[in-house]
Amino acid sequence: MSKPYPFAHKARKRFGQNFLTDQNIINRIVTSINAKPSDRLVEIGPGQGAITQQLIQACPQLQVIELDRDLIPILLAQFAKYPEFAIHQQDALRFDFATLMVEKQPLRIVGNLPYNISTPLIFHLLSYQDRIQDMHFMLQKEVVNRLVATAGEKNYGRLSIMVQYYCETEHLFAVPPECFDPQPKVDSAIVRLQPHKKLPYVANNVAHLSHLVNLAFQQRRKTLRNTLKQLADGDALQIAAEKLDLNLSLRPENLSTEDYVNLSNTLDGLSNHE
Ligand code: SAM
């Protein structure tokens, strides 16, 4: 397939560059996003503009964040006719997304993300969750499976719980390696993350919740009674379990996000009253 610009760019592995070339997939992604001209739309890692070129037609004030400085002249030339288009040549992991907000309008975030930064980037973005309308990402298939898994499922774990605490998650569709150049060694999928307008369950101490979930899933095969010994003594655990009517012989994958939030609030409350 011919490239829509006159420059030659060699894909760089260290930047996770697998460029989308399948026009049907690009169309499906853009249709799923359904951008409007008034949206505060942000694309992370535009690369050579495969998705950008369609997004910008729907939303000319598109902002993009690209780390590879060699791609900047390519993007500038390609989108020169859009005066509101802006490129931020920065690392998205360190980027202050609040600077892109205009009059408190929530951001819409899009990206075919480099797989090595996808989880830390999602956690970075979750710190802005009350200022984000939605996020559409292309990720490694396994990561999407973890993001959407619910209690009892094989892929359910820390990522599912901590992301679903903040967002509704939805698997949209699969994308095979043949849709990219160069082809990645893994399958990909598109996921939609939509921050809850109001958190369904509120943790009194999110750091405690995160620590609890982390500990619980360090040894998936063990019971909660065994794994949580490190977090609270046996008495506190027993008191919390009775209060919540929770069976400590369950394994970590049996508890829902709501269960973890309740357990965290109860254990954290007990330790604060010691
Ligand atoms: N969107 C393009 C596409 O679909 O063809 C490129 C996707 S490619 C998988 C990932 C892009 O993210 C590359 O352009 C890469 O240079 C950029 N990138 C890598 N690390 C980044 C970071 N930390 N911050 C911003 N962009 C980054």
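**Domains**

I looked up the spacing of the two domains in this predicted model: the C-alpha centres of domain 1 and domain 2 lie 34 Å apart. The domain assignment, automatic or from a database, puts domain 1 at 13–195 and domain 2 at 206–272. I then listed the contact (heavy atoms within 4.5 Å), to which domain 1 gives 12 residues and domain 2 gives 15 residues.

I noted a buried area between domain 1 and domain 2 of about 1,000 Å², with 66% of it from carbon and sulfur atoms. Buried area here is the accessible area (1.4 Å probe) that two parts lose on being put together, summed over both. Of the area that domain 1 buries against domain 2, Tyr156, Arg158 and Ile161 supply 48%, more than any other three residues.

**Basis**

Residue numbers start from 1 along each chain as its sequence is written, and side-chain values use heavy atoms, with hydrogens and water left out. Local features need pLDDT of at least 70 and side-chain atom pairs count only at pLDDT 80 or more, while totals for chains, interfaces and linings use all residues.

**Helix 6 with helix 7**

I took helices as DSSP runs (H or I, at least four residues), numbered from the N terminus. Axes are lines fitted to C-alpha atoms over the stretch in contact, and angles run from 0 to 180 degrees between N-to-C directions. Helix 6 and helix 7 (residues 206–218) pack at about 155°, axes 9 Å apart. They are therefore roughly antiparallel to each other (angles over 145 degrees).

I found Arg158, Ile161, Met162, Tyr165 and Tyr166 of helix 6 in contact with Val206, Leu209, Ser210, Val213, Asn214 and Phe217 of helix 7. By class, this contact has eight nonpolar, two polar and one charged residues. Ala, Val, Leu, Ile, Met, Phe, Trp, Tyr, Cys and Pro count as nonpolar, Asp, Glu, Lys and Arg as charged, and the others, Gly among them, as polar.

**Helix 6 with helix 4**

I next checked helix 4 (residues 118–126), which packs on helix 6 at about 25° with the axes 11 Å apart. That makes helix 4 roughly parallel to helix 6 (angles under 35 degrees). Thr119, Ile122, Phe123 and Leu126 of helix 4 meet Arg158, Leu159, Met162, Val163 and Tyr166 of helix 6. I recorded seven nonpolar, one polar and one charged residues in this contact.

**Helix 6 with helix 5**

Last, I looked at helix 5 (residues 141–148) against helix 6 (residues 158–166): the angle is about 60° and the axes are 7 Å apart. Val143, Arg146, Leu147 and Val148 of helix 5 meet Leu159, Ser160, Val163 and Gln164 of helix 6.

Note on methods. Helix = DSSP H or I, 4+ residues; strand = E, 2+ residues; numbered from the N terminus. Parallel < 35°, antiparallel > 145°, perpendicular 65-115°, else oblique.
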